[in-house]
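Q: I have a structure open and have not worked with it before. Can you walk me through it?

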Amino acid sequence: MTNKNTGINPYILGKQIDKPEEFFGREDLFTFIEDNLNADIKFLLLHGQRRIGKSSVLKQFAHNIDLQKFVFVYFDLQNHSNSSVRNILHDLAEEITEKLGLDSDIITLSSLDEELKNNLDIFSQKFLTKVYQKLGDKNLVLLLDEFDIVSSDNGILNQGNSFYIYLQLLLKQQTKLFLIPVVGRFKDDFQNLYQLFKSPPYQEVGLLNEISARRLIIKPAQGMLEYEEDAIKAIFKLSAGHPYFTQAICFNLFLQAKIEEKLTVTSSDVQGIVDKTIESATGGLSWFWDGLSISEQVVFSAVAEAQKIAIEQKQSFPEDPLRLLKKHGVIQTELLTEATKKLAQKGYLDDTERRVKIELVRRWLVRCHPLNQEIYKLEEFETEEINNILEKITQLSQNNKNQGVIDHYEEIFKLNPNHFSTLSVLAESYLKVGNFEKTLELYTRAYQVNPMHNKEGLLLAREAYGKNLIEQRELIKAKIQFEGVLETEPDRKSAQQQLIKIKAELVKQEAPLRQVEEQLMKDHKNYSRTPIRQGVILGTIAAVIALVGGGIAVYRFLTPCSSGQEKVNGSCVSIQSNISRGDRTFFFTIPNTSRDQGIEAFKKGDYPEAAALFQNAVKDKNNKPDPEVLIYYNNAKAREKGQSLTLAVVVPADNSQDATQEVLRGVAQAQNQFNANGGSNGRLLEIAIANDSNDPNKAEQVAQQLVNDKSVLGVIGHDSSEATQAALPIYKQAGIPIISSTSTANSLNGRNFFRTIPSDAASGEKLAQYAQNSALNKVVIFYNPKSAYSNSLREEFTNKFKGQIFRKIDLTDQTLNIEQELKESASQKVQAVMLFPDVHHTSRAIEIAKRNANNNLGLKLLGGESLYNQQNLNEGNKAVEGLILAVPWFRKAPQSKKFAKSAEDYWKGGVSWSTATSFDATKAFIKSLSFNPSRQSILAGLPMIELSSEETSGDVVKFNKEGERQSKAILVRVEKGHFQCLQCSP
């Protein structure tokens with residue numbers, strides 16, 4: 001090594017690499033080309049991102065492919081974006097002539113140009129014929145760079161482009177001609193070209209592997225500059241093997257070392273050069289941004305921001321970008337949901353879809369395209385139509401028509417829910433009419449978008465609401481509002497003064513209540529925990545509250561516990577774990593002494609005793625069969641035998657016990673059958689029950705716990721699509737298989753994701769077909785745009801329905817006038833109402849049914865499986881008569897009757913579809929268990945399993961390549977207060 005770094009910078013920026021000694025890697029790519037040429041494949045397609053080194057690859061063919069019978073000619077189409085076929089062929093002939101050193105007597109280019117004006121076939125019949133004569137037994141391979149440039153203004157790789165069609169015909173005529181074009185597109189962008197050339201072999205020019213990147217870093221500066229091992233790793237981490245960015249980093253490191261007269265590069269040198277590299281590589285970095293849609297740009301910035309937060313907070317996994325956007329006041333739209341998928345497909349994100357694949361690009365995004373700046377671009381949608389509405393609002397404001405102003409602002413949000421400049425002005429309009437809850441909702445969003453500009457508006461709105469609540473003697477609610485003010489601005493005196501007054505008033509009310517509360521708590525401890533006696537206690541408390549006229553007892557005694565806690569004897573205590581295999585119950589309100597004793601034995605590790613006690617609990621005639629207890633019995637038997645196999649099921653145990661019991665029945669029944677038959681090679685099945693409360697945040701925590709527990713081979717769950725969506729990336733990263741038996745949203749997918757319930761695509765299509773067959777050609781849709789399930793079902797129905805959709809209505813809108821909407825729909829000849837509520841808003845859907853019936857509007861009712869339960873039948877009564885639902889399973893369907901009967905006999909009552917699909921999910925996992933199962937072996941086995949109808953709840957279980965079960969939704973109708981099957985074969 002020389003004493004000083006005095007050489008010329010050996011790293012190349014933005015230029016094609018012609019010299020073989022300056023080119024590194026791509027051995028697999030050259031092997032792919034060589035193998036296909038030897039196989040006489042005449043058209044090979046290469047594709048890749050800009051600045052990835054595609055042109056350099058073409059330049060290296062002659063040096064890296066050892067084929068004596070081929071001659072390579074490179075031709076750049078960069079300057080032919082609008083050229084005619086004749087001009088392109090003339091310039092191509094000129095390049096071939098020069099490259100091959102052909103004699104002038106072979107072809108006169110000027111004469112060729114004239115002849116091409118009249119007949120393009122001269123190129124093949126005259127020019128190429130003479131070229132082949134000169135080449136002898138060798139073949140001509142044309143390497144066509146920037147192939148997608150030609151006529152790109154007429155559409156991306158337009159199939160009708162005459163140049164491409166000419167080449168297609170030319171290949172058929174010329175046996176000695178081969179084409180290898182390169183396109184700077186992503187796979188999904190060149191489908192027309194792919195089809196035109198009959199699905200040719202194609203290969204991506206992608207990132208360099210670590211070995212090739214290492215050579216690119218070290219060799220150019222060998223003898224002038226030395227890289228420490230940590231420095232090489234730091235460069236690769238920044239560039240991810242992208243050759244342009246690797247060169248850019250090293251170029252700047254070499255320059256800096258030369259200035260500082262250094263001979264060695266350290267990792268700290270690499271970190272110190274990042275900003276300078278970003279400045280010098282702006283051209284290459286900008287390409288990652290300029291071709292994206294607005295939605296993709298916003299999500300890209302959100303991913304980068306989420307990574308930044310995770311790094312700063314030392315979190316192992318970044319937050320979902322769509323959830324981060326929600327925290328910034330952004331409403332999730334279809335475009336934003338699709339944007340994440342598209343960014344991953346383009347290779348901008350890694351497999352988790354939560355990290356930017358190239359770290360240098362992430363740092364550039366954080367620096368040059370910060371999220372709080374980029375989200376404002378979302379306002380650009382529907383601009384012209386929104387401007388027209390704003391003009392109308394100006395006129396209405398001048399005439400003091402406040403309700404009209406509100407209606408028009410809401411119309412803006414229907415066109416673009418992320419029109420942020422409307423938030424604060426609409427909040428102000430709602431404040432004028434005294435709708436405080438809507439005011440706070442909008443101001444809170446506005447504050448999330450821009451805290452500086454909207455802080456004062458939010459605080460004033462909270463204070464106004466608080467004062468209104470004081471006037472109504474709602475002191476606890478008022479206290480919450482003023483405490484919220486102080487959380488945002490701790491020194492705000494106006495809020496402090498109001499809180500002092502409220503607390504003084506509450507002290508006056510609390511004295512008599514404290515004595516009553518203490519006595520009630522003593523009584524509560526002496527009473528057994530039966531619903532009737534609990535009801536007496538709670539009713540007594542309510543009566544005392546009514547007598548005293550306060551609200552403090554509700555605040556102290558009935559207020560729900562926070563996340564991670566549960567209520568025991570009126571007090572909130574921490575939950576030790578939200579996962580149980582037999583060491584706690586999730587159903588405290590169900591008394592069962594043997595179960596409780598079994599839990600204590602299980603915790604002590606006395607599994608034979610635990611199994612005996614759980615078995616007694618299962619057989620207890622005073623209790624209806626409990627699936628949780630049956631699972632714990634089988635778990636104890638599995639522990640007793642040793643070397644158990646473990647699956648997990650995730651349920652919303654603490655806030656939806658009915659739904660939880662339905663899922664656990666299916667899982668328990670499948671587990672019990674498997675273990676009763678001796679298990680697999682003597683190993684019994686153990687089920688871990690996890691509770692996520694259908695809360696996306698908690699779902700992520702549960703998923704991480706299950707991933708960390710290496711004994712868990714697979715997961716059944718989660719219950720809601722929203723919870724599943726939150727947990728799925730964590731499972732995906734860990735490579736743990738998940739089978740959903742209840743989540744139907746189409747946005748759920750991945751190589752590790754399967755489901756035994758038909759997706760929303762199947763239900764949406766079934767409902768659309770029924771509507772059309774029943775001559776229901778005009779419908780109105782009620783749905784929740786914030787729910788993955790509801791929104792997905794709405795989208796699928798919309799895509800398949802060939803009639804007219806009169807309106808799509810957000811049934812969660814607090815200002816929604818249901819009766820008015822229904823009457824207007826009926827007046828506009830709407831024939832049917834599509835009810836697509838999520839599980840949290842089914843009561844609103846039932847209200848719609850009641851208003852329809854009460855007003856004799858005669859609108860037909862259709863809906864999804866969220867409405868398919870006895871509670872909704874009871875609540876809707878005669879109003880839901882005739883309601884048509886698309887459901888995943890129906891116990892009266894011919895194929896379902898056998899399982900339905902056996903399940904009904906065991907559980908002493910009819911079972912739901914979620915019991916059936918959860919049974920099938922557990923059976924699918926059981927089928928994939930091998931002699932020595934692992935997460936990887938199960939993941940590999942699930943796509944190949946097939947369960948007959950005799951082994952399942954009725955339908956065959958077989959997954960397609962997307963992990964979807966190959967089954968259809970079933971239509972049921974409410975008749976005389978019961979669900980009856982439609983279109984079922986006898």
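**Cysteines and the rest**

A: We can start with a cysteine: Cys368 is partly exposed, with a relative accessibility of 33%. Keep in mind that this is a predicted model.

Q: Is Cys250 buried or exposed?
A: Cys250 is buried, at 0% relative accessibility.

Q: How many disulfides are there?
A: The count is 0 disulfides. A disulfide is a covalent bond between the sulfur atoms of two cysteines.

Q: OK, stepping back. How many helices and strands does the protein have?
A: The protein has 42 helices and 22 strands.

Q: And what share of the residues counts as buried?
A: Of its 986 residues, 52% count as buried. As for contacts, take those between residues at least 6 apart in sequence: 70% of them join residues at least 24 apart.

Q: Let's do salt bridges. How many are there?
A: The count comes to 45 salt bridges. One of them joins Lys341 to Glu338, with the closest N and O atoms 3.7 Å apart.

Q: Where do Lys341 and Glu338 lie?
A: Both are in helix α17, which covers residues 334-345. They sit 3 residues apart, about one turn of the helix.

Q: Which salt bridge does Lys438 make?
A: The side chain of Lys438 meets that of Asp813 in a salt bridge, 3.7 Å from N to O. Lys438 belongs to helix α23 (residues 436-449), while Asp813 is in the loop between β17 (804-810) and α37 (818-827), so the pair ties together parts that are 375 residues apart in sequence.

Q: Buried or exposed, that pair?
A: Lys438 is buried, with a relative accessible area of 7%. Asp813 has 19% and is also buried, because the cut-off for buried is under 20%.

Q: What about Lys603?
A: Lys603 forms a salt bridge with Glu600, at 3.2 Å from N to O. The two residues are 3 apart in helix α29 (residues 593-604), about one helical turn. Glu600 is partly exposed, at 39% relative accessibility.

Q: Switching to helix packing. How do α9 and α10 cross?
A: Helix α9 spans residues 210-218 and helix α10 spans residues 229-239. Their axes come within 10 Å and cross at roughly 115 degrees. The crossing is right-handed.

Q: Which residues make that contact?
A: From α9 they are Glu210, Ala213, Arg214, Ile217 and Ile218. From α10 they are Glu229, Ile232, Ile235 and Phe236.

Q: What classes of residue are those?
A: The contact has 6 nonpolar residues, 3 charged ones and no polar ones.

Q: Last one. Where is Val663?
A: Val663 is in helix α32, residues 657-676. Val663 is buried, with a relative accessible area of 5%.

Q: Which residues is Val663 in contact with, leaving aside neighbours within four places in sequence?
A: Those contacts are Val649, Val651, Thr742, Ser914 and Ser918.

Q: And how far is Val663 from Pro627?
A: In space, Val663 and Pro627 are 9.0 Å apart, C-alpha to C-alpha. In sequence they are 36 residues apart.

Conventions. Residues are numbered from 1 along each chain as its sequence is written. This is a predicted model: local features need pLDDT of at least 70, side-chain atom pairs count only at pLDDT 80 or more; totals for chains, interfaces and linings use all residues. Side-chain values use heavy atoms; hydrogens and water are left out. Axes are lines fitted to C-alpha atoms, for helices over the stretch in contact, and angles run from 0 to 180 degrees between N-to-C directions. Helices (H or I, at least four residues) and strands (E, at least two) are DSSP runs, numbered from the N terminus. A crossing is left-handed if the near helix is turned anticlockwise from the far one by less than a right angle, and right-handed if clockwise. Contact means heavy atoms within 4.5 Å. Ala, Val, Leu, Ile, Met, Phe, Trp, Tyr, Cys and Pro count as nonpolar, Asp, Glu, Lys and Arg as charged, and the others, Gly among them, as polar. A salt bridge is a side-chain nitrogen of Lys or Arg within 4 Å of a carboxyl oxygen of Asp or Glu. Buried means under 20% relative accessible area, exposed over 50%, partly exposed in between (1.4 Å probe, protein chains only). A disulfide is a pair of cysteine sulfur atoms within 2.5 Å.
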